[in-house]
Amino acid sequence: MLNTANSKKSDNLRSLISSDADELSRQLQAHQQRTFPPTALKTIRQFTPAEAADFIGIHQGYLRQIVADGHGPEPLANGRRMYSVQDIEALRQILDEGGKGPRKYVRHRRDGEKLQVVSVMNFKGGSGKTTTSAHLAQFLALRGYRVLAVDLDPQASLSALFGHQPELDVGENETIYGAIRYDEAKRDITEIVRATYTPNLHVIPGNLELMEFEHETPKALAARQSVDSMFFARIGERLAEIESAYDIVVIDCPPQLGFLTLSALCAATAVLITVHPQMLDVMSMSQFLHMTGDLLRVVENAGGTMDYDWMRYLVTRFEPNDGPQSQMSGFMKSIFGNRVLENAMVKSTAISDAGLTKQTLYEVDRNQFTRGTYDRALESLTAVNSEIEDLIKQTWGRK
């Protein structure tokens with residue numbers, strides 16, 4: 001009788017969980033339809049002259065001179081000029097056409113410069129990993145690099161930020177799993193890359209289908225044939241097929257050490273580890289680093305290679321006025337030295353509120369926030385992303 005009662009309780013729990021999942025999914029889809037109806041397309045806002053000049057990499061006075069020469073957008077009714085991403089890209093082309101020597105403003109890779117693959121990772125959720133990945137990828141695209149963002153997280157928050165809803169817009173075999181799977185249904189990676197509303201930025205979206213790689217890999221290892229690629233090589237091999245189209249790849253890894261994460265680590269030329277500066281999070285990261293080291297040793301013994309140009313820790317959701325957080329940040333810097341990025345990603349209601357409408361801080365209208373709140377958040381984002389851009393340029397040997 002006791003077993004029968006327990007079985008009924010288990011059935012009721014499964015039924016309740018399934019029912020809640022179905023209802024939550026329906027309500028989320030309804031909310032999505034209200035917020036972004038099927039006919040709506042995500043767009044990116046226009047930028048002020050100061051923002052446009054920063055993205056191009058020139059002084060605002062020089063931008064005014066170029067516009068006075070007849071380039072750039074027409075002034076609005078109030079006499080101000082606002083710059084679209086297309087305007088910014090066109091101005092880059094004009095500046096490089098009139099310059100001498102190698103391209104300076106169109107920042108594509110030059111001969112001898114290898115594709116940069118930055119894997120953003122952490123074992124613990126809530127570390128700002130996806131927020132970091134999305135803003136880094138978009139910032140680099142706005143700076144003039146050709147960027148591919150790869151969503152390896154089955155929760156697919158990165159995809160949603162870039163306008164691809166995992167439950168509505170991403171079908172079967174349309175994630176990176178479609179290109180790295182082990183059976184005859186495998187697709188060419190060019191078939192799953194999608195454009196975004198940001199020029200220079202493409203995305204490979206994610207959804208729950210990515211979990212199939214975690215389930216299928218043990219079976220493939222048990223029945224491996226000599227012609228098969230090992231799981232840890234599959235993402236790198238697929239990226240190699242399209243590397244001529246991009247300068248930088250940003251991979252948002254899942255928040256666990258599975259086969260997908262290990263494959264992303266083997267594909268990477270650089271690793272960015274996000275960490276929230278609180279004791280429990282840092283303790284979790286310690287365990288994460290131990291496990292990662294052990295697993296990478298196994299992968300290396302099986303023929304995998306991890307040859308990174310750089311590895312950095314990024315302090316995220318940082319509150320500068322919080323004494324314990326400042327102490328923990330200093331503690332990490334005392335251990336890891338310059339492998340902790342000099343700039344931290346501050347905690348900001350502007351970033352979290354933008355996420356509520358599935359937008360990045362580069363997309364939301366500044367007027368939606370208190371000016372000081374928005375400016376502090378944007379200044380922090382720009383400082384972090386510029387520091388990472390400098391690391392990439394150093395790897396290429398650029399000044």
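**Exercise 1.** Which residue in S7 does Thr274 stand opposite? Determine this and describe the surrounding unit.

*Solution.* The model is predicted, so local features require pLDDT of at least 70 and side-chain atom pairs pLDDT 80 or more, whereas totals for chains, interfaces and linings use all residues. Residues are numbered from 1 along each chain as its sequence is written, and side-chain values use heavy atoms, with hydrogens and water left out.

Step 1. Helices (H or I, at least four residues) and strands (E, at least two) are DSSP runs, numbered from the N terminus. Two strands pair if DSSP finds at least two bridges between them.

Step 2. Strand S6 (residues 270-275) runs parallel to S7, and six bridges join them. Thr274 has Leu314 opposite it in S7.

Step 3. Together, S6, helix H11 (residues 279-301) and S7 form a right-handed β-α-β unit; right-handed means that, with the strands pointing away from the viewer, the path from the first strand over the helix to the second runs clockwise.

Step 4. Five of the six residues of S7 (residues 310-315) are buried, where buried denotes under 20% relative accessible area, exposed over 50%, and partly exposed in between (1.4 Å probe, protein chains only).

**Exercise 2.** Identify the members of the largest nonpolar core that touch the most other members.

*Solution.* Step 1. A nonpolar core is a set of buried Ala, Val, Leu, Ile, Met, Phe, Trp, Tyr and Cys residues joined through side-chain atoms within 4.5 Å.

Step 1. The largest such core has 58 residues, and Leu63, Phe162 and Leu361 touch the most other members. Helix H14 (residues 371-396) supplies its largest share, nine residues.

Step 2. Beyond its neighbours within four places in sequence, Leu63 contacts (heavy atoms within 4.5 Å) Pro49, Ala52, Ala53, Ile56, Ile58, Tyr83 and Leu91.

Step 3. Another core, of 51 residues, lies apart from the largest one; Ile251, Leu260, Phe288 and Met306 are among its residues.

**Exercise 3.** Classify the aromatic pair of Tyr145 and Trp396, and state why it ties together separate parts of the chain.

*Solution.* Step 1. Rings of Phe, Tyr and Trp (its six-membered ring) pair if their centres lie within 6.5 Å; planes under 30 degrees apart are stacked, over 60 edge-to-face, and the rest tilted. The structure holds ten aromatic pairs.

Step 1. For Tyr145 and Trp396, the centres are 6.1 Å apart and the planes at 40 degrees, a tilted pair.

Step 2. Tyr145 belongs to the loop between helix H5 (129-142) and strand S2 (147-151), and Trp396 to helix H14, so the pair connects parts 251 residues apart in sequence.

Step 3. Tyr145 is buried at 1% relative accessibility, and Trp396 is buried at 9%.
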